[in-house]
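Thank you all for coming. Please have a look at the sequence and the structure on the screen before I go through a few of the local features.

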Amino acid sequence: MVFENNVEVSFLELLDDDENNLIQNQTYNAQQINLLLDGRSVGSVFSEDPVYKYLVALFEEGVDTVDSPRYELVLNDSQSVFLDMRFSTVVTDCDTKLHAIESARVKGEDQFLDVINGYQIVGVTVNDSTITKTK
């Protein structure tokens, strides 16, 4: 999959086992969700745009494509999902370097990857076996 736009952003969609969006059905409060990399926020729910308001935006600024970064998807005060992703670098016709998500895994399980409107989407399965209790 190639990341085909000039903005370094991808999206995570939180899904249950039946592929229901867990932000849209209000299982999780969009305002509590945060995406962390090495303790710093690198994404949150993208609520300003009606097309993407039930997705978590991942801003890929500073992604190291050699190592597989581990993201902490904070769902609320007591639950997180840890997401391991692998990126590759794509050079566009204008010599712009962008990142493409090669793979995403939660607790060793591959997560669904897709491209919608030129943006990469990772479908992250959130259930009892993928959630880590933080408190």
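This is a predicted model: local features need pLDDT of at least 70, side-chain atom pairs count only at pLDDT 80 or more; totals for chains, interfaces and linings use all residues.

Aspartate 38 counts as exposed, because its relative accessibility is 74%, where exposed stands for over 50% relative accessible area, buried for under 20% and partly exposed for what lies in between, computed with a 1.4 Å probe on protein chains only. Aspartate 38 sits in the loop between β2 and β3, and although it is not a glycine, its phi is positive, at about 55°.

Residues are numbered from 1 along each chain as its sequence is written, and side-chain values use heavy atoms, with hydrogens and water left out.

Asparagine 117 is another residue other than glycine with a positive phi, near 55°. Asparagine 117 belongs to the loop between β9 (112-116) and β10, and at 57% relative accessibility it counts as exposed.

Let me turn to the aromatic rings. Rings of Phe, Tyr and Trp (for Trp, the six-membered ring) pair if their centres lie within 6.5 Å, and the planes are called stacked when under 30 degrees apart, edge-to-face when over 60 and tilted for the rest. By this rule there are 3 aromatic pairs. In one of them, phenylalanine 11 and tyrosine 119 have ring centres 5.4 Å apart and planes at 75°, so this pair is edge-to-face. Because phenylalanine 11 lies in strand β1 (residues 9-15) and tyrosine 119 in strand β10 (residues 119-125), the pair ties together parts that are 108 residues apart in sequence. Phenylalanine 11 is buried, with a relative accessible area of 1%.

Tyrosine 119 also pairs edge-to-face with tyrosine 52, at 5.5 Å centre to centre and with 75° between the planes. Since tyrosine 52 is in the loop between β3 (40-45) and β4 (56-59), and tyrosine 119 in strand β10, parts that are 67 residues apart in sequence are tied together here. Tyrosine 52 counts as buried at 10% relative accessibility, and Phe11, Tyr52 and Tyr119 form one aromatic cluster.

Now to the charges: how many salt bridges does a search of the whole structure find? The search finds 2, a salt bridge being a side-chain nitrogen of Lys or Arg within 4 Å of a carboxyl oxygen of Asp or Glu. One joins aspartate 84 and arginine 70, whose closest N and O atoms are 2.9 Å apart. This pair links distant parts of the chain, with aspartate 84 in strand β6 (residues 79-91) and arginine 70 in strand β5 (residues 70-74), 14 residues apart. Aspartate 84 is partly exposed, with a relative accessible area of 23%, and arginine 70 is partly exposed too, with 45%.

In another salt bridge, the side chains of arginine 105 and aspartate 110 meet at 2.7 Å, N to O. Arginine 105 counts as partly exposed at 33% relative accessibility, whereas aspartate 110, at 56%, counts as exposed.

I will end with leucine 22, which lies in the loop between β1 and β2 and counts as buried at 4% relative accessibility. Leucine 22 and tyrosine 54 are 32 residues apart in sequence, and their C-alpha atoms are 8.3 Å apart in space.

Conventions. Helices (H or I, at least four residues) and strands (E, at least two) are DSSP runs, numbered from the N terminus.
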